[in-house]
Amino acid sequence: MSDLSYTNGHNRAWETYLAQIDRVTPYLGHLAEYIDTLKRPKRSLIVDVPIVMDDGSIQHFEGYRVQHNLSRGPGKGGIRYHPDVELNEVMALSAWMTIKTAVLNLPFGGAKGGVRVDPRKLSSRELERLTRRYTSEISHIIGPQKDIPAPDVGTNPHIMGWIMDTYSTVQGHTVTGVVTGKPVHLGGSLGRVKATGRGVFITGSQAAEKINLKLAGAKVAIQGFGNVGSEAAFLFAASESIVVSVQDHTGTIYNAQGIDLMRLRDHVNQHQGVGGFAGASAIEDEAFWSVNVDIIVPAALEGQITLERAEKIKAKLILEGANGPTYPEAEDKLIERGIVVVPDVVCNAGGVTVSYFEWVQDMASYFWTEDEINERLDKLMIQAINDVWNTASQNKCTLRTAAYILACERILTARKERGIFPG
Ligand code: NAD
C-alpha cells in the first residue's frame, strides 16, 4: 500500500487508485522518480454549504473540490451530488481525471468536486441555492484557466448553467469557459450530453472487433440508465446488439428477447428508475452479475465489480462507463478468466473530450456543428483505444496499466520539464 491513505470507511476508491499507480510504476523507467507527485492531490478544498430550505430552516451540506494534478494544464473534472460523496472518493475521481485527460492527450490536469447531498430530496429552488452557494465557496480556485468543472452523477446541464451564472456574477462579466456541459444556448457544445455514452460505444466496438466479437446479436447488460448508460444502450441497440438487462438504484430488469429502450426511457422519465418496468421481468440485484451476456457496461458508481462478482461474470468484455467500477483484485480475476476490461480512463473519456471541445469553442466564441464534434470525438477515441491496445501488447500488460503507462509518461515528463519550484 502506498504512503498516503485517506480511506475512512466503506469507500476504497483512493486505495484502488493508489494500487493502480503502484502497478504502473515498474514500467516508467527514470520517470518513476517523480511518481510520488501522483500519489497525493495538489490541492483539496472542503467547504461548508449552508442554505435556507423552502420551509425556512437552515441546513448545512459538505462540499469538496480537489485538484489532483495541474502539470499539463487547468484542472478538469465533474461535480457529483450524491449522499455518499466523501473526500476519499473525490480525491480518487480527481486522480482518474488526471490520468484520463493525459491518455486522451488533452491539455488539462485532473480535478473533481462534489457535495454530500441527495439531490432528489431537494426542491428545484433548494438545488439552485445549494449550487450557487457551493460555486461561490469554490469560486477562488476555479476558472477557465484554473479548473473547469462539468456534470457528473446527480448534476446536469441546468446545474452547470447556474454555476456559470454565479461565477460570472462574482467576476462581473460573462465567463462561459468556467464550466462545461452547459446548455447549448449558454455556450454549451452540441454533442456533449451524449459524448460519454458515445465514447463507451466507440471504444467498446473497437475492443469487440479486436477480440472477434460481433456487435450484431451480442447480448449486453448495463448498470446505470442515466446519462452514460442510456446513451451507450441506445448505440449498442442501433448496432443490433441486444440489451437484455439493465440495473439502476431502483432495481434490476431482464428480458432475454431484448429490452425496448424507448419504452424504458419513457418509464424512467416518469418513475425516476427502471424498477416496475412492464416490458421485462424484475430479477434479484445480485443476479445482474451472472446474466448470460457478451458485454457488461458498468455505468453507475465505483466499486461495483468485487472479487466475488468477477468470479461469476459470464461476459467477454467489460466496458467501464463508470469511474472506478472494478476493484484491483477483481480485475486480476477477470484477466485470469480471459475477460477483457476496457478501463474507465479511456472508455468513458468521451465526455471530457467534448468538454475540451466546448472549452475551445467558448474561448474562440466560434461553435462547431454536431457532425464536426462527433467526427473529432470518434477520431480521438479510436486513436486512444488503439494506442492503449498497442501499448498493452508491447508491454504484455493489462489495458489499464497500458493506459496508465501512456498517461504517466506524459504527466511525469511535464513534471520533470517544469522542475520543482523554487529549484
Ligand atoms: P447519472 O446520474 O446520469 O446516472 C447514474 C445512474 O446510476 C442512474 O441510472 C442511477 O439510477 C444509477 N445508480 C445510482 N446508484 C446506483 C446503485 N447503487 N446501483 C445501481 N445503479 C445505481 O450519472 P452519469 O453521468 O450517467 O454517470 C455514471 C457514471 O459515469 C459515474 O461513475 C460517472 O462518474 C461516470 N462518468 C460520467 C460522465 C458524464 O459525462 N456524465 C463522464 C465520465 C464518467
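Okay, let's start with the distance: the C-alpha centres of domain 1 and domain 2 lie 26 Å apart. Domain 1 covers 12-173 and domain 2 covers 194-346, with bounds that come from an automatic or database domain assignment.

A quick word on what you're looking at. This is a predicted model, where local features need pLDDT of at least 70 and side-chain atom pairs count only at pLDDT 80 or more, while totals for chains, interfaces and linings use all residues. Residues are numbered from 1 along each chain as its sequence is written, and side-chain values use heavy atoms, with hydrogens and water left out.

So, how much area do domain 1 and domain 2 bury between them? About 1400 Å², with 53% of it on carbon and sulfur atoms. Buried area here is the accessible area, taken with a 1.4 Å probe, that two parts lose on being put together, summed over both. On the domain 1 side, Arg12, Arg23 and Trp96 supply 35% of the area buried against domain 2, more than any other three residues.

Now for charges. Side chains of opposite charge can pair when their charged atoms come close. We call it a salt bridge when a side-chain nitrogen of Lys or Arg is within 4 Å of a carboxyl oxygen of Asp or Glu. The structure holds 26 salt bridges, and the count between domain 1 and domain 2 is three. Take Arg23 again: its side chain meets that of Asp332 in a salt bridge, 2.8 Å from N to O.

Which elements give two or more residues to the side of domain 1 that touches domain 2? They are helix H1 (13-24), strand E3 (75-82) and helix H2 (87-103). Helices (H or I, at least four residues) and strands (E, at least two) are DSSP runs, numbered from the N terminus. H2 gives the largest share of that side, six residues.

There's another salt bridge to look at, Arg116 with Glu62, where the closest N and O atoms are 3.5 Å apart. This pair links distant parts of the chain: Arg116 is in strand E4 (residues 110-116) and Glu62 in strand E2 (residues 58-69), 54 residues apart.

On to the ligand. Of the 21 residues around the ligand, Asp152, Thr196, Phe225, His249 and Asn323 come nearest; to count as near, a residue needs a heavy atom within 4 Å. Thr196 has a polar side-chain atom 2.7 Å from an oxygen atom of the ligand. For Arg80, an N or O atom in the side chain is 3.0 Å from a ligand oxygen. With Gly154 it's a polar backbone atom, 3.3 Å from an oxygen atom of the ligand.

Most residues other than glycine have a negative phi, and most peptide bonds are trans. Glu240 has a positive phi, near 70 degrees, and sits in the loop between helix H6 (227-238) and strand E7 (242-248). The peptide bond from Phe421 to Pro422 is cis, with omega near 5 degrees. You'll find Pro422 in the segment after helix H13 (399-418).

Methods. Polar contact = N/O pair within 3.5 Å; in protein donor to acceptor, adjacent residues only side chain to side chain.
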